[in-house]
Amino acid sequence: MVSRENDSALKTLSQDKFQRLVMRNLKSGKWHNLVEKIISKPEVLLTAYEKLGVNSRTKVDDVVARAANDGVDRLWLKNTSRQLKEGKFDVKGYCVEVMPLRRKGESLVLPNLKLKVVMEAVRMALEAVYEPRFVNFAYGGRVGMGRHTALRYIKNYVTNPTWWFTIAFEKERFNSERVQVLGSIVEKKIEDKLLIDLISSFIQSNVLIIEFGGLSLGRGFPQENSLCSIIINIYLDGFDRQIENVRRRVDEENSGRKHGSKSGDPASSDLLRKSVLDDMQMTESVSSLRLWVQKKMVQQTPEGLPVYFYKPIKVYACRYLDEILIATSGSKELTLELKNRVIVFLEDNLKLRVDQSKTALHNAVVEKIEFLGMELQAVTHSKLFPPMSDKAIRAWKKLIKRRQAKAQEKRNARETMLKHTGMKILSHVLKKFKLSSLRDPQLPMAPQIKSNFKVWSQEVVNTFLQSTEERWYWHRRFTSGEFLTIEAVRDQLPQELLDAYDQFQEKVDKYLNIDMTRSSVETERQTQAEHINNAQQTIKDLTKLCIKIHAPMELVRKALRLGGLISSMGRPQPIKLLIPLEDEEIIRWYAGLGTRWLNYFCCCHNFKMVKKIVNYHLRFSCILTLAEKHETTKHEAIRHYTKDLKIADMNTLGETYFPPENKIKMMGDQNLADPRPVDGLLCIILVRMLSDGVSSRCWAQCCDRTDIVLYRIRLLQIRHNINPSDQKKWVFGLGAIHEALDRKCLPLCAEHSKYLFSGQLTLQDIDCTFISTSYKLAEM
């Protein structure tokens, strides 16, 4: 009874409580003893376990009871807390080494669920300390700071770039030298030797793999860990700070020049001297970098140019984990020297090896550059937003006329209703007035009635005079075909009648005559609008360069061809490895593939091409696979499943849908979440196996269901016998799951298999330490 009471007293922490707990250990600008006072606390470890369950989309009602079932009970929490405080936590005891099928293959070391809990607690503590400190152009591994926000920053804020470059690192893991550099960086903000030793033990035991220049970061692969992103951001935070200082110095000089100050002024010299004194802790190379950038910027300032066409020198930077893009609006000499000094800083201070052949300088206008799997290029405003063609203009004018006709019908109906209502009110008022006048003929009209009718009449007259169409209509009616304008007729009429008629015509010409008809007014208005738009377009083309972001369509088609979705001729074809799956699982796999592609490339300007590929190649490949499975034709499969691929789900009451055509057409740049690349779903196929007689639980994190289905993992690179490092045969920029997981068996419940097939769950959220090939029924 006592243990149950203690278990019930153990609760998880909210985000605010955890943040306050971390801030209590802040003294004199440093955090102290995070492992002893925060990470080792049982409630913090239990909160980390709950976060793992949220990441794996597992519904946990009672966290304490579910954790106890997974071995994360109060006794383990107590022992782990004591081991962490004493620095005796055995990391290798919680690791499992997965061996590949090839003799010369590389093994994979994975953490079990208990070690993942400790690593998640470390990540939470580091995030609470460093998240407010990171610069605004550092993306990846942060809440609300993913790929789409990085690309949106590039599209909206990077203007007029002339030269840019990306920094490519050589593929190499963290070694002991880099671990020492990481320890020295962490010691600047956190004074805790236990924390540094714990992170070092993660890296040394190969359970935390940090590989610069690889293709496994931010993709949900099992060889990646959630702690990798925060470690990379901390490691490169010093680099981000120096780039931010250079950018701020350039902006200050631009603002000073805008207000009329020169670089030789005493105020400017004092400001520069103060910046150097403030940066005494920087290395000599970084200080010379900033001084050199300021000197070059002053020399290249144009003198005597109009303010409107003046383009100040700017330095832009964007980093997503280990992918770095730096752009400038200055000369090639300035950008080249900046690149060289940045490389020196990374190699000397951070001990990183930069690939000089891939870190090349590119002209932003002439050459495309690859960043985050996209193609970037600086173009004029007219190329990014081209004017409408004549056919589109005619269609647009036709649509406007239809809208105007509908609006006119609504106005006419409203006016008719108002006329009927006004006549009813008028008749009612006159009826009351007549009754009152019969009773008392000397009784005057009520002042309120007079004022109301006066206001109504003024509103009617003002509305009429504002309508060009009505004035033109009544002027034509009053001035056309009148016989009183003929001289022979006027001589035979009395003068009083002629004077009255002439006065009437003067009033008509004064209030109803207009110089131009409605069509001519609209034509003139449209002409003026076109001239203004053309002038603005010309000014934008002369003064502004925008960033065009395109999806690499050739690489997308190559990935489809490599995955077997299309033939060498580019036509959709079935995937025979998916035939053993259920119909809903096949549709979910294709739907997850298409959804990931759409979410990943939705910020590109050629998003329509990606929509066509998903809407045609993936949809018909899925239809052909279903037809191949049931040994029928394509037309019968379409008749049965429809083009939207609807099918009743056997496990739930809902239905599984491939993204409908209308939904795909309406998709746009509205997603701000960090999308998962298509690598984790395209490079793996789960083959359904016989699971009768197999007793196991679901291997998703924090899941205890036993109604499982057994799958065998088949990797793309093993099926085609291709080395992912061979860029001629492999797709450039496409990651690969570790080869040690090939042909391993994976039991999953119905809910998590649905999430895995649809791309909402990754192998990183599954406890792969139980993977083995010991199931007899699963042997090939």
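A residue is called buried under 20% relative accessible area, exposed over 50%, and partly exposed in between, using a 1.4 Å probe and protein chains only. The model is predicted, so local features need pLDDT of at least 70 and side-chain atom pairs count only at pLDDT 80 or more, whereas totals for chains, interfaces and linings use all residues. Residues are numbered from 1 along each chain as its sequence is written, and side-chain values use heavy atoms, with hydrogens and water left out.

The protein chain has 780 residues, of which 45% are buried. Its secondary structure comprises 30 helices and 20 strands; these are DSSP runs numbered from the N terminus, with helices (H or I) of at least four residues and strands (E) of at least two. A contact means heavy atoms within 4.5 Å. Among the contacts in the chain with a separation of 6 or more, 76% join residues 24 or more positions apart.

One set of side chains illustrates how charged groups connect such parts. A salt bridge is a side-chain nitrogen of Lys or Arg within 4 Å of a carboxyl oxygen of Asp or Glu, and by this rule there are 25 of them. Glu170 and Arg353 form one, with their closest N and O atoms 2.8 Å apart. The two residues are 183 residues apart: Glu170 lies in the loop between strand 6 and strand 7, and Arg353 in the loop between helix 15 and strand 12. Arg353 is partly exposed, at a relative accessible area of 46%, and Glu170 is also partly exposed, at 28%.

Arg178 forms a salt bridge with Glu172 at 3.1 Å between the closest N and O atoms. Arg178 is buried, with a relative accessible area of 3%, while Glu172 is partly exposed at 23%. Glu172 also meets Arg353 in a salt bridge of 3.5 Å, N to O. Because Glu172 belongs to strand 7 and Arg353 to the loop between helix 15 and strand 12, this pair ties together parts 181 residues apart in sequence. Through shared partners, the salt bridges join Glu170, Glu172, Arg178 and Arg353 into one network.

Lys116 is buried yet has no salt bridge, and the nearest side chain of opposite charge, Asp767, is 5.1 Å away; here Lys and Arg count as positive and Asp and Glu as negative, with His and the chain ends not counted. Leaving aside residues up to four places away in sequence, Lys116 touches Leu52, Pro111, Gln701, Gln764, Ile766 and Asp767.
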